[in-house]
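Work through the exercises below with the model open beside you. Try each task before you read its solution.

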Amino acid sequence: MPARGRRTRGRGPVRRRLLPRPRVLLGTLLLVVFVAVLVVQAYVNAEFKGDHVETEVGDNVTVPAEILNGGPVINTTGGQESTSRMPPKTIALTFDDGPDPVWTPRVLDVLKENDAHGTFFVVGSEVARHPDLAKRVTDNGNELGLHTFTHPNLQLLAPWRRTLELSQTQVAIARATGVHTNLARFPYSSKNAAIDDENWKLIKNAGRQGYLVVVNDTDSQDWQRPGVEQIIKNATPAGESSAVILFHDAGGDRQQTVDALRKFIPMMKARGYQFTTVTEGLNRTIEQSNTAAAAGAKPVPKLPENPDAAGSDVWRGSAVIWTVRLADGLVWAIAILFLIVGALTIGRTALLLLLATRHTRQRRKPGWSWGPPVTEPVSVIVPAYNEKEGIEAAVQSLAGGDYPHIEVVVVDDGSTDGTASLVEQMRLPNVRVVRVPNGGKSNALNTGIALARHDLIVTVDGDTIFEPDSIRNLVQPFADPSVGAIAGNVKVGNREKMVAAWQHIEYVIGFNLDRRLYEVLGIMPTVPGAIGAFRREALAQVGGISDETLAEDTDVTMAMLRQGWRVVYTEDAKAWTEAPATLEQLYRQRYRWSYGTMQAMWKHRRALFDKGPSGRFGRIGLPFLALFGVALPMLAPVVDIMLLYGLVFWELEETMVAWLGMLALQLFTAAVAFRFDKESLKPLWRLPLQQFAYRQLMYLVLMQSATTAMTGGRLRWHKLHRAGLGARAGTVPPPPPPMTAVAPVVDTWPSTLGQSRPETHPAAGRAVARPAVPAQATRDLGPEDLPSAGSPPGGGSGPVYTG
């Protein structure tokens, strides 16, 4: 049993990490900050419908009669319970729900034109967004009051949240204007008579915090936009009484409000009315009360209008304003990215369907062919590292194909599980085994190519099973002398499990849409390692299989395109592979694929400035791959972010319609790909589930790959834990009868079955066609050591997205 604090993984014990890796910790921290900012943004953007929303009035048995029948300014500070009115023939204009960048300036202009002032009960989140407007309100001689931070119904909130709604608005005002306010008006409040027991509790609580609560005498009902004359009629106080009148400077189109004020103020002034702020009017009432008070009575102090804010409130307000700005900016950025992703997705889908359909129709035309049948001998190279689970079935399917001349070269890359011996014991006459020290997949491929007898080279992964006609179908495009490499059709063999079934969907879409698209455009970026064919001449021109990237198949394909060779796709050449069966294995595989593809793109970046075929690939292929293979998958998370955000904070119905529309587009595109590949549509029922696990995993893969690429890290060639694919009906033929060996004895390489040589042989110990990759040194494996190299089915660096 391993010692406490250690675990066995790979080839040796690995010490368990007590703390997260720095990149995991950093990623977690960034995610927490991101979610927190979104929550803040959702909080400050809480939807409100305006003060006109009617709320049910409850019992008012605890509300004093003098409050129900009193004035609109309610004072419960210091334990008192009193109300005040404006002085006779005095109007206090009040405006709720602002500041608004369109309507607040227009209201202020009307007030200034008519030498009138008003009281603006502002929403704190809007002050944070438009601090300059709040400052203009006070600079013009008007005053501010609190209308909460997010305009909620305070009756529905917890006590701590009610306090926060007022205090946050207060500090936002302090930072924006440098002043403090003693006035508050609750959303959805009305007149004194509408105060019930619950509202009375809120009013008394506000008094304990030092606020005077302001309701109204007259409601203009401008929110209904009933017309200018009706607004004026609604606002006009009865007889010659004073009034606190309610208007709105935000919450919709307020042109009628502006026009009504332009008529109402001169009209009321002509009737002898004065216009004041609430505090100014209250001070006049206090002054009159003090004058009429009995001799010796202590005068009531006046209230300061727009007093200076405390320095601590200003600092706290800075934090509030910058948090709101950051949250707004982030959501705007996400919204813009969402539009970009949507446009790219729709454009890519349209291009896929158009060009892939064109490709399919061309191939299915009666009499279409690549040219005369290709019957030249073929050498199949199988690099193998610890492939005991599937190597026998793979080799048997290759050696027994219906193509007339096949030699199979299995290059055992330092396996420790007896892979080479298993192949040798099969005693297939057209198969030979070459043992080399562990040097990486590129090195194993180059070794096999160097020993291959023929000029048509097929490369196959050691866990892949070919159908009897796969090699024959695969090499037919070589009838066209301009074709240098051919991509076959990789199929998932273990698709019964959910994770593998998701990959089955991805493979079908990738191979039957993406690769058709790439072939039509002449920019096929990857010939898959599981089934690909190359001309030896083309390989020689690009220097063989490079070990400079982890995606050696993508690297060599890009190099061939730059040399002017055509790279094509043949859907009839099928190879069955075992896909990762767990999310962990899938993550490791795709991490390596994505990272390797990014390496290959960076390696070939100079093609952007080349001429001829290289320049064409550089200016068409690389940008296309960068845009749709890297950028689009990395931006795709904004779709899920907007979905979650919309479900929680926006309209549920609209959000679900948008998401279902995207899903329908994906399903349609996937169905087209499945029809092209003559696959059953039944697996597509798993596609909706794919949105909630598989895609998110691929997002993490791409992000970590990009981070690794930018930091210049290297990964080694390791392999997945395979269960092995069983022989598929009709794919693996019976062992061929004895025949003359086509693979002659090569005494310059380690011996195969029945061969021996003295260890003093000059080639003893040498078994590399290219220098071994330094990163392949044996060492303890950690979580970053990832499985076999390769590239995604779509040929890009990330998952295949269709909508």
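## Exercise 1: The whole chain

Of the chain's 803 residues, 56% count as buried. The model is a predicted one.

**Task.** State how many helices and strands the chain has, and what share of its accessible surface belongs to carbon and sulfur atoms.

**Solution.** 
- Step 1. Count the elements. The chain holds 24 helices and 20 strands.
- Step 2. Take the surface. The accessible surface comes to about 34,500 Å². Carbon and sulfur atoms own 59% of that surface.
- Step 3. Look at the contacts between residues at least 6 apart in sequence. Of these, 82% join residues at least 24 apart.

## Exercise 2: One face of helix 5

**Task.** Find the buried residues of helix 5. Where do they lie as you look down the helix axis?

**Solution.** 
- Step 1. Helix 5 covers residues 131-139. Its buried residues are Pro131, Leu133, Ala134, Val137 and Thr138.
- Step 2. Look down the axis of helix 5. The buried residues fall within an arc of 165°, so they line one face of the helix.
- Step 3. Check the other side of helix 5. Asp132 and Asp139 are exposed there. The cut-off for exposed is over 50% relative accessible area, and for buried it is under 20%.
- Step 4. Ask what the buried residues pack against. Their partners are helix 3 (103-113), strand 6 (119-122), helix 4 (124-129), strand 7 (143-146), helix 6 (159-177) and helix 11 (311-363).
- Step 5. Step just past the end of helix 5. Glycine 141 takes a positive phi of about 90°.

## Exercise 3: Helix 3

**Task.** Which residues of helix 3 are buried, and what covers them?

**Solution.** 
- Step 1. List the buried residues of helix 3. They are Trp103, Thr104, Pro105, Val107, Leu108, Val110 and Leu111.
- Step 2. Find the cover. It includes strand 5 (90-96), strand 6, helix 5 and helix 9 (255-270).
- Step 3. Aspartate 115 has a positive phi of about 50°.

## Exercise 4: Aromatic rings

**Task.** How many aromatic pairs does the structure hold? Why is the pair of tyrosine 518 and phenylalanine 624 classed as it is?

**Solution.** 
- Step 1. The structure holds eight aromatic pairs.
- Step 2. Take tyrosine 518 and phenylalanine 624. Their ring centres are 5.9 Å apart and their planes stand at 80°, so the pair is edge-to-face.
- Step 3. Tyrosine 518 lies in helix 16 (residues 498-521) and phenylalanine 624 in helix 20 (residues 612-635), so the pair ties together parts that are 106 residues apart in sequence.
- Step 4. Check burial. Tyrosine 518 is buried, at 4% relative accessible area. Phenylalanine 624 is buried too, at 12%.
- Step 5. Go on from phenylalanine 624 to phenylalanine 628. Their centres are 4.8 Å apart and their planes at 50°, so this pair is tilted. The two residues are four apart in helix 20, about one helical turn. Phenylalanine 628 counts as buried, at 14% relative accessibility.
- Step 6. Find the cluster. Phe95, Phe120, Phe247, Phe264 and Phe275 form one aromatic cluster.

## Exercise 5: Charges over rings

**Task.** Over which ring does the charged end of arginine 325 sit?

**Solution.** 
- Step 1. The charged end of arginine 325 sits over the ring of tryptophan 322, 5.0 Å from its centre.

How values were computed. Residues numbered from 1 in each chain as written. Predicted model: local features only at pLDDT ≥ 70, side-chain atom pairs only at ≥ 80, totals over all residues. Heavy atoms only, no water. Buried < 20%, exposed > 50% of the residue type's maximum accessible area, 1.4 Å probe, protein only. Arc of directions from axis to C-beta. Contact = heavy atoms within 4.5 Å. Phe/Tyr/Trp six-rings, centres within 6.5 Å; stacked < 30°, edge-to-face > 60°. Lys NZ or Arg CZ within 6 Å of the ring centre and 35° of its normal. Areas by Shrake-Rupley, 256 points an atom, 1.4 Å probe, with all protein chains shown as cover.
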